[in-house]
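Please look over the structure below before reading the notes. They cover a surface patch, strand pairing and aromatic rings.

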Amino acid sequence: MFNGREAHFVAPGWVQEATLPEAVGIATRHSRDTKIADAKWFSRLAEIDFVKDLGEDVGSVSWFRGLGTLTALSVAALALLPDYGPIFGLQPSMPTKAEFEEARAQMIMPIGYGSDSGKRMAATDAVVALADSPERPRIELTASLGRGDSFARVLQRSGVSGSEATDVVNMVSNVTALSDIEPGTPVDIILGTRPSKNQPRPLESVAFRARFDLNLEINREGESLRLSKMPINVDNTPLRIRGTVGSAGITRSARAAGAPARAIQDYLKVISGRTSLSSIRPTDQFDIIIGYKRAETGEVKVGDLLYAGLDRDGKSNIQMLKWTLGGSAQWFEASGIGESKGALSRPVNGPMNSGFGPRRHPILGYMRMHAGLDFKAAYGQPIFAVTDGVVTFAGRNGGYGNFVRLKHSGGLASGYGHMSRIAARPGSKVRRGQIIGYVGSTGLSTGPHLHYELYRNGRAINPMSVKFTQRAQLSGRDLTRFKGTLQNLKSVTPGAALTPLQTAAKKDEAPKREIDRLTLRDSQMPTGG
């Protein structure tokens, strides 16, 4: 308190009054004591271990203190965790109906959700309807000849009238057989202007490749059609491939030498009929000749295997040439002897699950003679002829279901039952391996399979006991032509068919470049002496 010249202070914790000097001294001492007390308090706090290793003194007071510190820091971290929610910006306003229709006309979405194709515009009074739409003066198109299709139908489907299609077919038939036109051949057709819409367009031109070595073009000249033949230079040199078998094997060596995969398979089949493939040595040399055609337009046509040879110790150990005799092609040795031996081919690709002999019938339930073999196969698998023959029956046959019977040479015949579908006609000739039907479960059958029978002179025999041997001997002119062909093939240089083809020069074709015309003119000028 202040009274005149004296001031009276009451310090905290003090009751008595004091003068100003005394009060200042008391406050100073009190402040010093407070600082000393605070320093002691902070030193005590510093001595306390708040960050305790929780792996030591588990359960002690210091351990619980460290656990409290960890808990407090974890709570603080979670409390200060930032928010990762989306930040909402300015929301666009909803489009009006007119704006939505404008956008919908340009968006891509399913038709079921209301998509449009472009912007729709309604006709106004300024639109005048045409009484008749104009036609194109000519139509250029390309048609393709399908498998099993006819050339005349291709023309008519393209818009050619029936009479002109017949004329074109007759003109082409006089030059080449229509069967020579391969499936997939593109046909370029140009149709002209028709006098009225109820009449077909007149044919202006047709151009296509009739054969590998021939292009045909039919053009309209006045009121008639004229055919032009454009032959294509074709080189028929066979492709001969020779090489050493080596340690990699004959298949890999032949492939590395450039032989097609199908030719190698045919080659191995032919060679395996003369010797065991395991007996082929690494030092032996294979000799493969296949049909090969090259056109000057760049196309290449690979044919079948013509010759299969195997050389050992510098000598021709095996020489097999494919030769056609009596309408049937088979392989002949260099001496003119043809031989094909072995078991009958398998009628279906599947394991045999029932043999020949008595057995309990799975449906009838009693013992009965099973006069054939059953092959397990999936429904619809192809069934093959075991060897060449003639179809004597093809149709429904009691418990056999759909049944086909073939007659072979030597008094043999074969039967195929339970087919789902028959692919052979009575009286037709079939080749070995040709598809005659498809696996099914018709007749008395518990599931899809093939029942195969073999007959000799009308009696069923065990198919597993039959082997066959066919021999043919060339003589006279056939033998002379055979040896001449063999000599010509063996005279072909390996790889000669792969040399650049000399294209036929066109005499009436004038040079297109000015420099070529000047060069031609200079070469034709006489030189002075």
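Where does V51 lie? V51 is in the loop between α1 (20–47) and α2 (61–79); helices (H or I, at least four residues) and strands (E, at least two) are DSSP runs, numbered from the N terminus. This is a predicted model, in which local features need pLDDT of at least 70, side-chain atom pairs count only at pLDDT 80 or more, and totals for chains, interfaces and linings use all residues. Residues are numbered from 1 along each chain as its sequence is written, and side-chain values use heavy atoms, with hydrogens and water left out.

**Surface patch**

- I48, F50 and V51 make a nonpolar surface patch of about 280 Å².
- Patches consist of residues with over 30% relative accessible area and no salt bridge, with like charges joined within 9 Å and nonpolar side chains (Val, Leu, Ile, Met, Phe, Trp, Tyr) within 5 Å.
- A salt bridge is a side-chain nitrogen of Lys or Arg within 4 Å of a carboxyl oxygen of Asp or Glu.
- Accessible areas come from the Shrake-Rupley method with a 1.4 Å probe, and for residues only the protein chains shown count as cover.
- V51 counts as exposed because its relative accessibility is 69% (buried means under 20% relative accessible area, exposed over 50%, partly exposed in between; 1.4 Å probe, protein chains only).

**Strand β22 and its partners**

- Strand β22 (residues 412–422) is largely enclosed by the rest of the structure, because eight of its 11 residues are buried.
- Strand β21 (residues 402–407) runs antiparallel to β22, and five bridges join them (two strands pair if DSSP finds at least two bridges between them).
- Within that pairing, L406 stands opposite S414 in β22.
- The hairpin of β21 and β22 has four residues between the strands, and there G410 takes a positive phi near 75°.
- Strand β25 (residues 449–456) pairs with β22 in the antiparallel sense over six bridges, with Y455 of β25 opposite A413.
- Strand β24 (residues 435–439) also pairs with β22 in the antiparallel sense, over three bridges; G437 in β24 is the bridge partner of I422.

**Five-stranded sheet**

- An open sheet is formed by five strands in the order β3-β4-β5-β6-β7, with antiparallel pairing.
- Its edge strands, β3 (139–144) and β7 (224–231), each pair on one side only.
- From one strand to the next, the twist averages 15° (axes are lines fitted to C-alpha atoms, for helices over the stretch in contact, and angles run from 0 to 180 degrees between N-to-C directions).
- Six bridges join strand β5 (residues 203–211) and strand β6 (residues 214–221) in the antiparallel sense, and N215 in β6 is the bridge partner of R209.

**Aromatic rings**

- The structure holds eight aromatic pairs (rings of Phe, Tyr and Trp, its six-membered ring, pair if their centres lie within 6.5 Å; planes under 30 degrees apart count as stacked, over 60 as edge-to-face and the rest as tilted).
- One of the pairs is W63 and F64, which is edge-to-face at 5.0 Å centre to centre, with 85° between the planes; W63 counts as buried at 15% relative accessibility.
- The F393 and F403 pair is tilted, because the ring centres are 6.3 Å apart and the planes are at 45°.
- This pair links distant parts of the chain, with F393 in strand β20 (residues 389–396) and F403 in strand β21, 10 residues apart.
- F393 counts as partly exposed at 32% relative accessibility, whereas F403 is buried at 3% relative accessible area.
- W323, F332 and F482 are linked into a cluster by ring pairs.
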